[in-house]
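Subject: Structure handover

Hi,

Here is the structure I promised to pass on.

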Amino acid sequence: MPVINSPVTRGEEVYDVLRSELLSGLLCPGQKLLMVELALRFSVSQSVVREALTRLAEQGLVVATPQRGFRVRELSVEDIIGLTESRVEIESVALRLAIERGDVLWETEIVAAHHLLERTPVVDADGRFHEPWTAVHHDFHRALTAGCNNRRLHDVVLALRDSAELYRRWWWALADDHQRDLTAEHRQLKDFTLARDADGAIEALTYHIKGAPERLIAYARERGLDDLNTPPPTEAPRTKRPGRRPRRK
């Protein structure tokens, strides 16, 4: 890890690196985040590390416990049920407001984000998850709800999406039942939103949000799992193209 020298950017860079490692699964659920070790790693003061960890705790990615410090949020079936319900309800409110309030610039940003998403493969040449897809997928969903013009609401939407990313290793290894076509789902979301069809867009969004969690919850219950803190079985390369969901009549 290179030394972070700029006093202006060191806190932001520590935060960015830790956030990336959390969302990519490099930091494991329940893992303690020791400020002394992190300060040495980044060559910064413990106060800089504490500030970064506090921001991550506010986003629900880590947990702060009095007298025990910080640790990566643990994953559980109960949590994913509550998280999914919250995402459906809150993102639906934000999307409906965006459709009511969004302007031409908002529409343009959706088109641009969707264009990039469609041209970014989900899998690489070996059939394994293509990491750059995560960022463009996040940008597309952020563009959809950004038109709500309510910063507090949108911050909650983004924080919940970040929390869902903690489950991505499980999504990818287990939750795709080959009956989904993510390209079609995103195109449908874009089309309903730009057509200002709030009911259609929210129906498509709800289906999109629930797909992976429902499969993951079923997997856990079949095996009597209460938590999801152990890494999932190693994923196999994807060789089949997912099927299509029938379009809404």
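Below is what I found, going from the whole chain to single residues.

Some ground rules before the details. This is a predicted model, so please keep in mind that local features need pLDDT of at least 70 and side-chain atom pairs count only at pLDDT 80 or more, while totals for chains, interfaces and linings use all residues. Residues are numbered from 1 along each chain as its sequence is written, and side-chain values use heavy atoms, with hydrogens and water left out.

**Overall layout**

The protein chain has 10 helices and three strands; these are DSSP runs (helices are H or I with at least four residues, strands are E with at least two), numbered from the N terminus. In sequence order the pattern is α-β-α-α-β-β-α-α-α-α-α-α-α. Of the 249 residues, 44% are buried, where buried means under 20% relative accessible area, exposed over 50%, and partly exposed in between (1.4 Å probe, protein chains only). Take the contacts (heavy atoms within 4.5 Å) with a separation of 6 or more: residues 24 or more positions apart account for 76% of them. The chain exposes about 13,400 Å², with carbon and sulfur atoms supplying 52% of that; the areas come from the Shrake-Rupley method with a 1.4 Å probe, and for residues only the protein chains shown count as cover.

**A pocket and a cavity**

Both are found on a 1 Å grid over the protein atoms alone: a cavity is a set of points where a 1.4 Å probe fits but cannot get out, a pocket is an open set with protein on both sides within 12 Å along at least five of seven lines, and lining residues have an atom within 4 Å of a point. Grid points are joined across faces, edges and corners, and a volume is the space filled by probe spheres set on the points.

The second largest pocket has a volume of about 270 Å³. It is lined by 13 residues, and R19, L23, T134, A135 and H138 are the closest to its centre. Helix 1 (10-24), helix 6 (132-146) and helix 7 (151-165) each supply at least two lining residues, and helix 6 gives the most, with five. By class, the lining has two nonpolar, four polar and seven charged residues. Here Ala, Val, Leu, Ile, Met, Phe, Trp, Tyr, Cys and Pro count as nonpolar, Asp, Glu, Lys and Arg as charged, and the others, Gly among them, as polar.

There are also three cavities of 30 Å³ or more. The second largest cavity holds about 50 Å³, and its lining divides into six nonpolar, one polar and two charged residues. Among the residues in that lining are L22, G25, R73 and R169.

**Residues to click on**

T120 sits in the loop between helix 5 (104-118) and helix 6. T120 counts as buried because its relative accessible area is 13%. Its side chain reaches the backbone oxygen of L116 at 2.7 Å, and beyond its neighbours within four places in sequence T120 is in contact with H130, P132, W133 and V136.

H114 lies in helix 5 and is buried, at 5% relative accessibility. Leaving aside neighbours within four places in sequence, H114 touches F140, H186, R187 and K190.

Finally, N149 is not a glycine but has a positive phi, near 55°. N149 is in the loop between helix 6 and helix 7 and is exposed, with a relative accessible area of 57%.

Cheers

Key. A polar contact is a pair of N or O atoms within 3.5 Å; within protein, one must be able to donate a hydrogen and the other to accept it, and residues adjacent in sequence count only if both atoms are side-chain atoms.
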